[in-house]
Amino acid sequence: MLLDKVSIIIPSKGCNYIKYSLSALSSQTIRPYEVIIVIKGCDIKEVEDLCHKASLSCVVIEQRRGFFTHALNLGKKNATGDLMLFTDDDAIPPPKWIEKYVKLHLAYPRAAGIASRDIYLDLQKMILLPIPDDKPLTKLYRWAVRPWLEKPHSLLKKYRLGVYLTKNLDIAHGPYIPDRKCFSLLFRGVNMSFKASDVYDVWFPEHPLLKRAPGNEQHLALQLLLKGLETIYVPSNPVLHIARKESLSRTRNKKELRLEIEVMKSLYKQLLAKST
């Protein structure tokens with residue numbers, strides 16, 4: 001299996017933080033073959049100048065319609081590498097991030113998608129911040145309570161230790177998240193990777209009511225599973241994620257979030273109906 005060319009796909013709205021991502025990508029032990037940046041509300045020339053300063057081969061695409069998942073699909077459509085690595089414009093990948101994903105995909109040839117975690121970074125104080133996944137009470141619930149109350153959908157029993165869909169099509173994190181390697185639906189869109197040969201015919205869900213599209217990663221993973229492929233989670237290849245209140249994929253508007261979750265659940269249901 002040849003995985004010589006690695007495409008990095010980054011959606012960005014406003015481009016206020018992308019200089020940190022590009023700087024980190026320029027310091028990788030394996031250089032990216034290309035960096036696909038899908039921008040909205042940005043100065044194209046400014047982004048191109050940042051790419052030039054970082055000595056990166058960038059393809060900068062201006063998004064003229066749609067929301068977050070439209071940007072992801074636009075980036076995926078234009079990527080030409082053997083591996084596709086997705087991250088956010090406010091993420092800072094460590095120097096061996098690409099190298100580790102190449103080695104992981106070679107080690108797990110049946111895994112169409114491999115995802116890892118993020119660690120929040122306070123950019124002002126330059127300190128790491130705790131996240132809910134690491135809290136002892138959260139871990140205890142996932143080990144002692146969730147297996148009994150939130151059982152996985154019948155097609156996802158193999159994924160019960162990682163990220164899975166419940167019988168009610170809610171997203172749940174099993175006891176191996178975030179510390180252990182396991183079969184898992186994709187964990188976070190800020191840090192995920194795919195073999196291009198496996199994902200050429202699957203796409204992130206697009207819908208007029210989906211702006212941030214919570215659960216879009218799991219929707220894509222579900223398509224891969226229905227093709228007979230696998231996705232896994234590994235804790236060993238994290239990215240630093242600049243802590244922000246709002247972003248392309250995050251919101252604090254609870255009403256809007258609930259609506260989008262219900263729309264996404266209806267899309268899960270449509271996918272699963274095709275498998276019966």
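An open sheet of four strands has the order β5-β14-β7-β8, with mixed pairing. Two strands count as paired if DSSP finds at least two bridges between them. Strands (E, at least two residues) and helices (H or I, at least four) are DSSP runs, numbered from the N terminus. The model is predicted: local features need pLDDT of at least 70 and side-chain atom pairs count only at pLDDT 80 or more, while totals for chains, interfaces and linings use all residues. Residues are numbered from 1 along each chain as its sequence is written, and side-chain values use heavy atoms, with hydrogens and water left out.

- Strand β7 (residues 118-122) and β8 run antiparallel and are joined by two bridges.
- Asp122 has Ile127 in β8 as its bridge partner.

**The eight-strand sheet**

- Another open sheet has eight strands in the order β3-β2-β1-β4-β12-β6-β13-β11, and its pairing is mixed.
- Its edges are β3 and β11 (182-183), each with a single partner strand, so one side of each is left without a neighbour in the sheet.
- Helix α1 packs on this sheet and touches β1 and β2, with its direction at about 170° to that of β1. Axes are lines fitted to C-alpha atoms, for helices over the stretch in contact, and angles run from 0 to 180 degrees between N-to-C directions.
- Helix α4 (residues 97-107) lies across β1, β4 (83-87), β6 (111-115) and β12 (191-195), and runs at about 135° to β4.

- Strand β1 (residues 6-13) pairs with β2 in the parallel sense over seven bridges. Along this pair, Ser7 stands opposite Glu34, and Ser12 has Ile39 as its bridge partner.
- Six of the seven residues of strand β2 (residues 34-40) are buried, so the rest of the structure largely encloses this strand. Buried means under 20% relative accessible area (1.4 Å probe, protein chains only).
- β2 and strand β3 (residues 58-62) run parallel, joined by five bridges; Val35 has Cys58 in β3 as its bridge partner.
- From β2 the chain crosses through helix α2 (residues 44-53) to β3 in a right-handed β-α-β crossover. Right-handed means that, with the strands pointing away from the viewer, the path from the first strand over the helix to the second runs clockwise.
- β1, helix α1 (residues 18-25) and β2 also make a right-handed β-α-β unit.
- Asp43 caps the N-terminal end of α2, with a side-chain oxygen 3.0 Å from the backbone nitrogen of Lys45. After α2 comes Ser55, which has a positive phi near 55°.

**Nonpolar cores**

- The largest nonpolar core has 46 residues, of which Phe86 and Phe194 touch the most other members. Such a core is a set of buried Ala, Val, Leu, Ile, Met, Phe, Trp, Tyr and Cys residues joined through side-chain atoms within 4.5 Å.
- Helix α9 (residues 254-274) gives the most to this core, with six residues.
- Apart from it lies another core of 31 residues, among them Leu22, Leu85, Val102 and Leu104.

**Asn237**

- Asn237 lies in the loop between β13 (230-233) and β14 (239-242). Asn237 counts as buried, at 2% relative accessibility.
- The side chain of Asn237 reaches the backbone oxygen of Trp97 at 3.1 Å.
- Leaving aside neighbours within four places in sequence, the contacts of Asn237 (heavy atoms within 4.5 Å) include Lys96, Tyr101, Arg117 and Asn191.

Terms used
Buried means under 20% relative accessible area, exposed over 50%, partly exposed in between (1.4 Å probe, protein chains only). A polar contact is a pair of N or O atoms within 3.5 Å; within protein, one must be able to donate a hydrogen and the other to accept it, and residues adjacent in sequence count only if both atoms are side-chain atoms.
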